[in-house]
Amino acid sequence: MNHKIRPMIRVRNLSKTYVVGEEKAEALKGISLDIFQGEICCIFGTSGSGKSTLLNLLAGMERPTSGEVWIRGRRISQMNEEELAVFRQKYIGFIFQSYHLFPFMTAVENTAMPLMFQGVPRKKREEIAVQMLKKVGLSHRLMHYPWQMSGGQQQRAGIARAFASRPEVIFADEPTGNLDSKTTKEIMEMITGFARGYHQTIVMVTHDPEMEQYAHRVIRLVDGVIVGNERRFQGKKEET
């Protein structure tokens, strides 16, 4: 990968402080990093390390106390809520640990939702949704509701939804945290397969060391500070 090109995600001196009563808690302390197009980046850390805060700041879900976040050359840390909403609809997808499917929508309707926000006509977005659901192995669950599907099936639907609009960046928050080991392997192979096929950038927060084998880049956080930033190749440290 040519690292002379502009990063897909660029973070500089990013800090986040929460005020709890009269106390201040520093969740992130001057984080700087680059993530390039097509990379699968895993952010590791124990509870309280700041990894979820970092993901939220990268996705524009929270505002930094200081510092900057750039995606696709756009400084999202300075965007207003309307600008952020439009930007996310065009360029960003999400995969959640708890799936976050709408309970009274079918698998097709849930998967088609991002395309609706992009103004894709109903017939076309439903065609795309069906195609994606078939790719994730849910051809027999197209008209099922989340409560009619297992956890693994719901996560497959969540993956179909995240990739349906072909976003350039996908943020994944513990995407396999509620799944057994067999389903975890299937889900990760699915995510990484789509990412390679569409040349997308994946940023995934996890505490599971098994996820390293899928990553191009491994970032380790301790107490809001990066203590490791390894470029890897096929799950192994890259030789330098």
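The side chains of Arg217 and Glu39 meet in a salt bridge, with 3.0 Å from N to O; a salt bridge here is a side-chain nitrogen of Lys or Arg within 4 Å of a carboxyl oxygen of Asp or Glu. This pair links distant parts of the chain, since Arg217 belongs to strand S9 (residues 217-222) while Glu39 lies in the loop between strand S2 (23-35) and strand S3 (40-44), 178 residues apart. Helices (H or I, at least four residues) and strands (E, at least two) are DSSP runs, numbered from the N terminus. The structure is a predicted model, in which local features need pLDDT of at least 70 and side-chain atom pairs count only at pLDDT 80 or more, whereas totals for chains, interfaces and linings use all residues. Residues are numbered from 1 along each chain as its sequence is written, and side-chain values use heavy atoms, with hydrogens and water left out.

**Salt bridges**

Side chains of opposite charge can pair when their charged atoms come close. Arg217 and Glu39 are both buried, where buried means under 20% relative accessible area, exposed means over 50%, and partly exposed lies in between (1.4 Å probe, protein chains only). Glu39 also meets the side chain of Arg231 in a salt bridge of 2.8 Å, N to O. Because Glu39 is in the loop between S2 and S3 and Arg231 is in strand S10 (residues 225-233), this pair ties together parts that are 192 residues apart in sequence. Arg231 is buried, as is Glu39.

Another salt bridge brings together the side chains of Arg232 and Glu230, at 2.6 Å from N to O, and both of these residues are buried. Salt bridges that share partners join Glu212, Arg220, Glu230 and Arg232 into one network. A search of the whole structure finds 14 salt bridges.

**Aromatic rings**

A pair of aromatic rings is described by the distance of the centres and the angle of the planes. Rings of Phe, Tyr and Trp (its six-membered ring) pair if their centres lie within 6.5 Å, and planes under 30 degrees apart count as stacked, over 60 as edge-to-face and the rest as tilted.

| Stacked pair | Centre to centre | Angle between planes |
|---|---|---|
| Tyr145 and Trp147 | 6.2 Å | 5° |
| Phe194 and Tyr198 | 5.9 Å | 10° |

Tyr145 counts as partly exposed at 29% relative accessibility, and Trp147 is exposed, with a relative accessible area of 61%. Phe194 and Tyr198 both lie in helix H6 (residues 181-198), four residues apart, which is about one turn of the helix. An α-helix has 3.6 residues a turn, so residues three or four places apart point the same way. Phe194 is buried, with a relative accessible area of 11%, whereas Tyr198 is partly exposed, with 21%. Elsewhere, Phe94, Phe96 and Phe171 form one aromatic cluster.

Rings also meet charged groups, and a charge sits over a ring if NZ of Lys or CZ of Arg is within 6 Å of the ring centre and within 35 degrees of the ring normal. The charged end of Arg166 sits over the ring of Tyr198, 3.7 Å from its centre, and Arg220 lies over the face of Phe44, at 5.6 Å from the ring centre.

Most residues other than glycine have a negative phi, and most peptide bonds are trans. Just after H5, however, Arg166 takes a positive phi of about 55°. Glu174, in the loop between strand S7 (169-173) and H6, has a positive phi near 45° and counts as buried at 10% relative accessibility. Asp223, in the loop between S9 and S10, has a positive phi near 50°.

**The whole chain**

The chain contains six helices and 11 strands, and 50% of its 240 residues count as buried. Its C-alpha atoms fill a box of roughly 50 × 40 × 40 Å, taken along the principal axes. Among contacts (heavy atoms within 4.5 Å) between residues at least 6 apart in sequence, 67% join residues at least 24 apart.
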